[in-house]
Amino acid sequence: MEFVVVCVIIGILASIIVAGFATVERNRQNQQRQTDINNIYQQLEAYYVIHSFYPTFADMNNTVWVGTNLPNLNLNSLRDPKSKSYLLASLPAKDAFSYQVTAADGGVCNNVALPCDHYTLTATLIGTAQHTYVRSSLN
């Protein structure tokens with residue numbers, strides 16, 4: 001009987017420890033998401049200062065273009081901590097960062113006929129009351 005009580009106590013303690021580790025890991029990943037979005041944001045604003053427009057959605061999903069035109073951006077910043085893909089989503093989604101870029105009128109832009117004047121970066125946070133972390137263009 002004593003052995004059963006000890007096993008139950010050990011099981012309860014183990015479940016508390018595992019739950020604590022899961023919370024710490026979730027918080028670490030959410031902090032990484034916010035850091036990555038801020039890194040992307042800073043590089044996009046620096047790009048705008050030079051070019052007077054923001055990259056298109058296609059540009060941001062081309063790692064060669066990003067490496068050439070945003071050289072201070074670590075490509076890992078484009079990847080959600082739970083994803084293996086460096087591609088940005090067009091709409092906010094779990095386990096992916098989104099990049100929504102528009103012309104001044106809110107329509108589609110291509111930096112040829114219509115410059116990309118605004119963007120919104122979004123990371124979906126896991127297990128928090130605040131479900132997304134959003135940064136928008138300064139312009």
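**Close-up views of a predicted model**

**View 1. A backbone oxygen faces the side chain of Arg 33.** The backbone oxygen of Thr 124 sits 3.4 Å from a polar atom of the Arg 33 side chain. The model shown here and in the other views is predicted. Arg 33 belongs to helix 1, which spans residues 2-51. Is Arg 33 buried or exposed? Arg 33 is buried, because its relative accessible area is 0% and the cut-off for buried is under 20%.

**View 2. Arg 33 has contacts beyond its sequence neighbours.** Neighbours within four places in sequence are left aside here. Arg 33 then touches Asp 80, Pro 81 and Lys 82, among others. Asp 95 and Phe 97 are also on its contact list. How many residues apart in sequence are Arg 33 and Ala 96? They are 63 residues apart in sequence, and their C-alpha atoms are 9.5 Å apart in space.

**View 3. Strand 2 pairs with strand 1 and with strand 3.** Strand 1 covers residues 97-102 and runs antiparallel to strand 2, with six bridges joining the two. Strand 3 covers residues 132-136. Strand 2 and strand 3 are antiparallel too, paired over five bridges. Here Thr 120 has Ser 136 of strand 3 as its bridge partner. Why is strand 2 described as largely enclosed by the rest of the structure? Five of its seven residues, in the run 118-124, are buried. In a regular strand, side chains alternate between the two faces of the sheet.

**View 4. Asp 105 lies in the loop between strand 1 and strand 2**. Its relative accessibility is 64%, so Asp 105 counts as exposed; the cut-off for exposed is over 50%. Which backbone atom does the side chain of Asp 105 reach? It reaches the backbone nitrogen of Gly 107, at 2.8 Å. Cys 7 is 98 residues from Asp 105 in sequence. In space, the C-alpha atoms of Asp 105 and Cys 7 are 65 Å apart.

**View 5. A nonpolar surface patch includes Met 1**. The patch is made by Met 1, Phe 3, Val 4, Val 5 and Ile 9. Its area is about 580 Å². Where does Met 1 lie? Met 1 is in the segment before helix 1. Met 1 counts as exposed because its relative accessibility is 80%.

Key. Residues numbered from 1 in each chain as written. Predicted model: local features only at pLDDT ≥ 70, side-chain atom pairs only at ≥ 80, totals over all residues. Heavy atoms only, no water. Helix = DSSP H or I, 4+ residues; strand = E, 2+ residues; numbered from the N terminus. Buried < 20%, exposed > 50% of the residue type's maximum accessible area, 1.4 Å probe, protein only. Contact = heavy atoms within 4.5 Å. Polar contact = N/O pair within 3.5 Å; in protein donor to acceptor, adjacent residues only side chain to side chain. Patch = residues over 30% accessible without salt bridge, like charges linked within 9 Å, V, L, I, M, F, W, Y side chains within 5 Å. Areas by Shrake-Rupley, 256 points an atom, 1.4 Å probe, with all protein chains shown as cover. Salt bridge = Lys/Arg side-chain N within 4 Å of Asp/Glu carboxyl O. Pairing = 2+ DSSP bridges.
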